[in-house]
Amino acid sequence: MARPYAAALRPIETWFRRRGWQPMPFQRQCWQAYLEGASGLMQVPTGSGKTYAAVMGPIAAMLAENGGAGPDGGAGPEGGLRLLVLTPLRALSRDLLLAIREPIDTMGWPLRVGLRNGDTSSHERGKQLKAPPQILITTPESLSLLLAGPRAEDLFVHLEAVVIDEWHELMGSKRGSQTELCLSWLRGRRPTLRTWAISATIGNLEEAAQAAVGVGVEPRIITARIRRDTDIRSLLPDTIDGFPWAGHLGLRMYEELVAALEPGVSTLLFTNTRNQAERWHQCLRFACPEMDGALALHHSAIDRAEREAIEAGVKAAAIRWVVCTSSLDLGVDFQPVEQVVQIGSAKNLARLLQRAGRSAHVPGGTARVLFMPTHALELLEVSAMRRGLGEGLVEHRRPPQAPLDVLLQHLVTLACGPGFDPDATFRAVRRAWSYRQLERSHWEWCLRFLEEGGDSLGAYPRYRKLERDPTEAAVGTPWRYVVREKAVARLHRLNIGTISADRAVTVRFVRGAVLGHVEEVFIGRLKPGDVFFFAGRQLEFVRLREMTAMVKATTRRSAMVPAWGGGQLALSDLLSAHLRNEVDRCARALDGERGFTLDTAELQALRPLLERQVLLSALPRQHQFLVEVCGSREGSHLYAYPFEGRFVHEGLGFLWSWRLARHHPGTFTVSVNDYGFELLAPRGYPFEELLALHGETLLEPDGLLEDLEQAVNLSELCRRRFRSIAQVSGLVLNGYPGQARSGGQLQISAALLFDVFQRHEPGHLLLDQARREVLEEQLDLGRLVSTLRRLQGSEWLQRSTPRPGPMAFPLLAERLNNRMSNESLLDRLERLRRQATSAEGD
């Protein structure tokens with residue numbers, strides 16, 4: 001450690017010694033970099049001490065004020081907010097508060113730490129504004145609310161540092177854009193502000209660091225070579241027949257899962273969706289009645305108080321098993337957790353690594369993951385994941401490029417607070433990484449839209465939010481933009497945020513306690529007396545009153561579980577590449593190629609399925625593209641296997657159906673999964689003839705956008721996406737508490753605006769944004785183009801099969817699952833499997 005900083009860091013070193021700790025090299029590097037005035041990003045494994053690496057530098061600087069610091073700290077800083085800690089989750093903020101307070105309380109340092117988020121009482125918020133703590137822990141949304149207050153400039157006048165926790169979780173979303181814009185305003189007021197981002201799992205370190213510190217600052221990147229092993233063990237079924245389908249292993253393997261769990265071993269069981277979490281909790285609750293009181297359910301739709309009680313129970317070792325979702329993905333400190341179970345594929349290397357890090361959450365610990373497949377082919381994925389993690393690779397996160405809905409919200413936020421000078425704010429916004437290429441014309445459009453309502457809405461006062469105020473202007477500027485209407489400002493503050501979803505209905509017992517929230521569309525299907533399972537309880541629906549579903553407990557059983565939108569995950573591009581390598585390895589091993597074997601337990605378990613696939617069709621090698629064609633009583637089937645994830649396959653499926661129909665008209669049904677897609681056409685449709693004549697045109701990237709517009713009804717997709725954009729930008733607002741608008745009302749309002757803009761202002765920039773988001777995010781256009789080019793260079797491996805093979809069967813199941821019938825899905829699939837098996841026997 002450089003001598004000039006040794007004195008400043010003496011209080012920190014003293015506390016570490018009292019704890020019996022030795023500061024790690026990366027922690028010392030962070031402290032020194034901060035004291036040198038640098039900003040940057042730190043990436044080290046979960047549970048290695050990142051929090052103290054990030055915050056102890058700013059704390060040391062504060063303690064060194066007013067005459068220097070002795071062994072236990074100096075006189076300390078004067079009043080005022082000095083350090084802002086941003087975190088994406090409220091659960092994380094509570095842990096951060098405890099972690100930061102521990103050394104302060106132990107050493108008696110003259111520092112106060114505050115916590116401010118949506119759960120903070122109005123009394124506490126008022127105290128924080130009157131006498132700000134030196135350290136404040138908050139979320140991006142709460143920071144925006146602070147900027148929307150009249151005392152924003154005074155509150156941050158002494159701010160010296162910002163620490164962003166779990167930056168990888170924020171930067172790939174509009175919440176990251178919101179954070180960048182807030183930081184750009186803070187840097188405009190405090191040019192020497194230092195920013196440090198903390199990340200555990202991200203592939204594009206340089207871009208992540210630059211996005212955190214902003215344009216024009218050279219970030220320091222600090223990493224640590226701390227070995228953190230991840231031990232993945234799969235629960236393997238006794239037998240795997242040749243015809244897997246999605247979910248067929250899932251709940252049917254609960255006995256194997258229960259046998260692998262130990263009541264005394266603290267375990268987090270991760271699912272990918274809240275619906276899955278509810279179902280697995282219900283299953284374990286009935287299968288293990290002895291775990292009553294030690295088994296819990298945790299996801300974001302459950303009421304905050306209950307989630308906090310569960311987290312406390314885990315830390316106190318009173319709760320042993322928790323079925324959870326991504327609500328517990330991030331850096332919540334659960335040191336008692338000894339094991340993690342992943343139910344179904346995590347679909348993403350970084351997500352699996354993050355979840356694995358919840359166990360053995362200490363430096364040098366080994367993360368243990370028990371993988372529970374819900375689909376036989378998921379065993380291929382976990383084998384690929386293990387190999388990918390061994391290579392040390394994780395996915396990239398790309399920040400959105402200049403989302404104007406977030407910018408519009410930010411400008412109204414500033415106008416509600418201190419107001420803003422348009423020229424100075426434009427320069428500040430352009431220093432935010434996501435907005436570095438913002439065009440001046442787009443900036444002027446945003447100002448005109450907020451001041452005059454644009455070309456279409458100028459006649460409606462509620463859309464003319466900004467006013468010019470020359471009395472508040474700084475020296476040398478003619479005016480500032482402000483919001484004068486108190487009602488506009490109040491409503492804006494209530495709607496700050498970039499997370500938009502279907503309207504949530506609060507679920508409450510008739511006699512009191514709130515259980516959580518479900519989507520309006522689910523409650524809308526219930527009749528009084530209907531029973532459903534939610535928050536680990538059997539509930540009877542009583543009535544709906546003002547967006548609150550009144551329920552009561554019941555002993556009647558039901559399999560009905562709420563479903564939430566946005567639940568499906570797709571294979572990441574990195575995992576897709578590893579999966580194709582795994583399939584290639586299997587093909588070479590079964591061909592007897594030297595040096596290739598089925599070398600993992602998962603591949604060995606899959607041998608019967610793989611051999612049957614080779615017998616009926618083929619396993620594609622890395623340079624091959626497998627397409628299967630067969631006929632059945634349902635019609636003509638085409639199965640294609642790019643192994644690129646369900647979102648890319650959805651685009652490919654509709655693209656192929658459109659292009660094939662141009663050569664030979666037909667009606668197609670498209671089904672997709674992460675491995676491929678199926679086109680079902682009427683019986684006799686000439687797939688083989690068309691592939692022979694026009695196969696190359698199906699993979700042609702030229703004309704892709706025009707064909708997609710026709711194939712997927714792009715206008716309707718844009719209309720749906722626009723609803724979210726309208727909410728974020730403030731075009732459609734939710735209303736005051738107790739007067740909240742229903743999801744249907746919000747949808748109608750957004751749809752009307754969409755139609756107005758299309759008719760009267762077709763160049764509206766929010767329409768352009770909706771189209772761009774559909775193409776880039778929903779249809780993943782960039783990845784779709786690269787997939788077409790990869791397949792163009794691949795050897796076309798076409799097979800005519802007598803019936804759907806093992807790789808086709810899950811696609812068939814996907815389609816049948818979405819069809820109405822009085823025969824259950826499992827019964828129908830079992831009948832088809834028997835037919836296929838008996839046909840092979842013949």
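A crossing of two helices is left-handed if the near helix is turned anticlockwise from the far one by less than a right angle, and right-handed if clockwise. In this predicted model, the crossing of helices H16 and H19 is left-handed. H16 spans residues 404-416 and H19 spans residues 486-494; the two pack at an angle of about 130°, and their axes lie 10 Å apart. Angles from 65 to 115 degrees count as roughly perpendicular and those over 145 as roughly antiparallel, and H16 and H19 are therefore oblique to each other. On the H16 side the contact is made by Gln409, Val412, Thr413 and Cys416, and on the H19 side by Ala489, His492 and Arg493. Sorted by class, the residues of this contact are 3 nonpolar, 3 polar and 1 charged.

H23 contributes Leu655, Trp656, Arg659, Leu660 and His663 to the contact, where they meet Phe687, Leu690, Leu691, His694, Thr697 and Leu698 of H24. The contact of H23 with H24 comprises 7 nonpolar, 3 polar and 1 charged residues.

Helices H2 (residues 25-35) and H3 (residues 50-63) also pack against each other, at an angle of about 35° and with their axes 8 Å apart. The crossing of H2 and H3 is right-handed. From H2, the residues Phe26, Gln27, Cys30, Trp31, Tyr34 and Leu35 meet Lys50, Tyr52, Ala53, Met56, Gly57, Pro58 and Ala61 of H3. By class, 10 residues of the contact of H2 with H3 are nonpolar, 2 are polar and 1 is charged.

A search of the whole structure finds 6 cavities of 30 Å³ or more. The largest cavity holds about 80 Å³ of space. Its lining consists of Arg580, Val583, Pro620, Arg621, Gln622, Gln624, Phe625, Tyr641, Pro642, Phe643, Arg790 and Leu791. Two or more lining residues come from each of helix H21 (573-590), strand S21 (624-631) and helix H29 (781-792). The lining of the largest cavity divides into 7 nonpolar, 2 polar and 3 charged residues.

The second largest cavity holds about 60 Å³ of space. Phe449, Leu450, Gly453, Tyr463, Lys465, Ser729, Gly730 and Leu731 line this second cavity. By class, its lining has 4 nonpolar, 3 polar and 1 charged residues.

Definitions and conventions: Residues numbered from 1 in each chain as written. Predicted model: local features only at pLDDT ≥ 70, side-chain atom pairs only at ≥ 80, totals over all residues. Heavy atoms only, no water. Contact = heavy atoms within 4.5 Å. Helix = DSSP H or I, 4+ residues; strand = E, 2+ residues; numbered from the N terminus. Nonpolar A, V, L, I, M, F, W, Y, C, P; charged D, E, K, R; others polar. 1 Å grid on protein atoms, 1.4 Å probe; cavity = no way out; pocket = protein on both sides within 12 Å on 5 of 7 lines; lining within 4 Å. Points joined across faces, edges and corners; volume = space filled by probe spheres on them. Axes fitted to C-alpha atoms, helices over the stretch in contact; angles between N-to-C directions. Parallel < 35°, antiparallel > 145°, perpendicular 65-115°, else oblique.
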